[in-house]
Amino acid sequence: MNTTALKPLGSGLLALAVALATQSSQAASEAEQIIQGKCLACHAQEGDQQWSRISHQRKTPEGWLMTIARMQIMHGLEISDEDRRMLVKYLADRQGLAPSETEGARYALERRLNTQESFESQGFTEMCARCHSGARVLLQRRPASEWEHLVHFHLGQWPTTEFQALARDRDWLDLALNKMVPELAETQPLDSEAWIAWQQQAEAPVAGDWTLAGHMPGKGNFHARMNVTSAEGEDQFTLTLTGEYADGTVLAGTGQAILYTGYEWRANIEINDQMMRQVFVLNDGQLNGRMFLRDQDEVGADVVAVRDAKGTSRILALQPSHIKAGSEAEISIVGTGLSGLPILGNGVDVVEVLSASPDLIRVRARASANGIGVSTPAVGAIEGERFVVYDRIAAVKVVPEFAVARIGGNGSSTPKVEARFEAEAWAAGPDGKPGTDDDYRIGMVPANWAVAPFNEVADADGDVRFSGQMNANTGVFTPAAAGPNPQRRMMTNNAGNLKVQATVQDGAQTLSAEGQMIVTVQRWNNPPIP
């Protein structure tokens, strides 16, 4: 973390944590001046570097951005974009979350829009996760008094809350104050040993060369090199990225990044004339997360990256990570510090090394009928995660199994939201029976795609005809335009309920699988955390 000790924000563990935290004195001073000048019209000074409400919460960068935006929209705060950026940086560094505290809820930050939430607490599900994602709540930390303030804020801002579904049949306010407040104060307290421990971590090196490996539904695998250079400003960097997809499509771009809280990587990078966002976690010299189109966040890729460093050797990915017995295939091994003989597993021979560098080795491999199953690949002494040899595909799954697309465009202020599907192949395990516990995942395989009515109502309403188009080759569904459709019954819009059908050819056998897609109306409110 950055230097110059901060004075205590609160009591107990948080006070100790903040005392251990460090930050650039100039940047901190400028941010505190903004708070003094912009925030104290409503918030009270509670001490040196302490303010009512503000100093009693911890959030992600997106959480603090939403708080400041709400002050602008609802309370008339006037603040420049630059001052807002400075405040988000200051507050996220000073009152953020430890990496362990964001686990299990990062799907909201990474814009994984088809995630289906499930929580052990029925009360939390009914009281908190019925109007917005539960992740929005899970990515905050407050004392009991602040959780109570939040309950009253909800009633003050949305007075009908007590009379909406899952509220009108119970004493909502009593449950909120006397059940949910104690529950949240216990499970998500302001004071946290995890936050104290994280504040003591040494600053992680960021500048340098990185190797990236990723996978984008509808497009496939890719690998790239990213150069990161320190820029003017606290924890800010410039980026240059070059790489290619498995089909040979070139990746090239430049951008800027900022590191919050010592590990929260956020970047804007223009790649192939499209602006993309990177939302990554920095941990042990490795970045993990998602990179997606800034203005179409359903289009994105899972990414893992590792920084080149002396003595660091790591395999990030094998692309593809499977081969069929009796066949040959070109395999790319992506990583850093790669040196030595590539070994893919039992029954797999490396016929030829096509090219080799410390970050990328391309080989032509041949798989025999022996060694079917999951092996641990290696380059020299460096081991990867898994490489699969299979004799046949036993089952196929549609991923995601359930998805949402949204109509848009056609003069609407909101764009269409695509749905992207992939076919995931599975092999039967040693028992030879699909659908049992010893089955193992092969990976994503090519498929032919189609849609069909999900039920009789969808058939009668012509949802297949009106709701959009499925690309038969890529699994990308593009929804239809927004607005009333005179050709539909009752001139309704182009919403629909569809089956998603994948057909996979594996030699002489044909396998199929189905998922479900709801094509619904526009997403009018699209905050940083859904």
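Reply: Happy to! Let's start at the pairing where Ala-329 stands opposite Ala-365 in β18. A word on the ground rules: this is a predicted model, in which local features need pLDDT of at least 70, side-chain atom pairs count only at pLDDT 80 or more, and totals for chains, interfaces and linings use all residues. Residues are numbered from 1 along each chain as its sequence is written, and side-chain values use heavy atoms, with hydrogens and water left out.

Strands here are DSSP runs of E with at least two residues, helices are runs of H or I with at least four, and both are numbered from the N terminus. Two strands pair if DSSP finds at least two bridges between them. Strand β18 covers residues 360-367, and six of its eight residues are buried, so the rest of the structure largely encloses it. Buried means under 20% relative accessible area, exposed means over 50%, and partly exposed lies in between (1.4 Å probe, protein chains only).

Strand β15 (residues 328-336) runs antiparallel to β18, joined by seven bridges. Strand β17 (residues 348-356) also pairs with β18 in the antiparallel sense, over seven bridges. Within that pairing, Val-353 has Val-363 of β18 as its bridge partner, and a hairpin of three residues links β17 to β18.

Now to the rings. Those of Phe, Tyr and Trp (its six-membered ring) pair if their centres lie within 6.5 Å; planes under 30 degrees apart count as stacked, over 60 as edge-to-face and the rest as tilted. The count is six aromatic pairs. One of them joins Trp-198 and Tyr-263, with centres 5.2 Å apart and planes at 85°, so this pair is edge-to-face. Trp-198 sits in helix α11 (residues 193-199) and Tyr-263 in the loop between β8 (250-260) and β9 (264-271), so the contact ties together parts 65 residues apart in sequence. Both Trp-198 and Tyr-263 are buried. Another pair, Phe-421 with Trp-449, has centres 6.3 Å apart and planes at 35°, so it is tilted. Phe-421 and Trp-449 are buried as well.

Finally, the cysteines: a disulfide is a pair of cysteine sulfur atoms within 2.5 Å, and the structure holds zero. The sulfur of Cys-42 has its closest cysteine sulfur in Cys-39, at 8.7 Å, too far for a bond. Cys-42 is exposed, at 66% relative accessible area. For Cys-128, the closest cysteine sulfur is 9.6 Å away in Cys-131, again too far for a bond, and Cys-128 is buried, at 14%.
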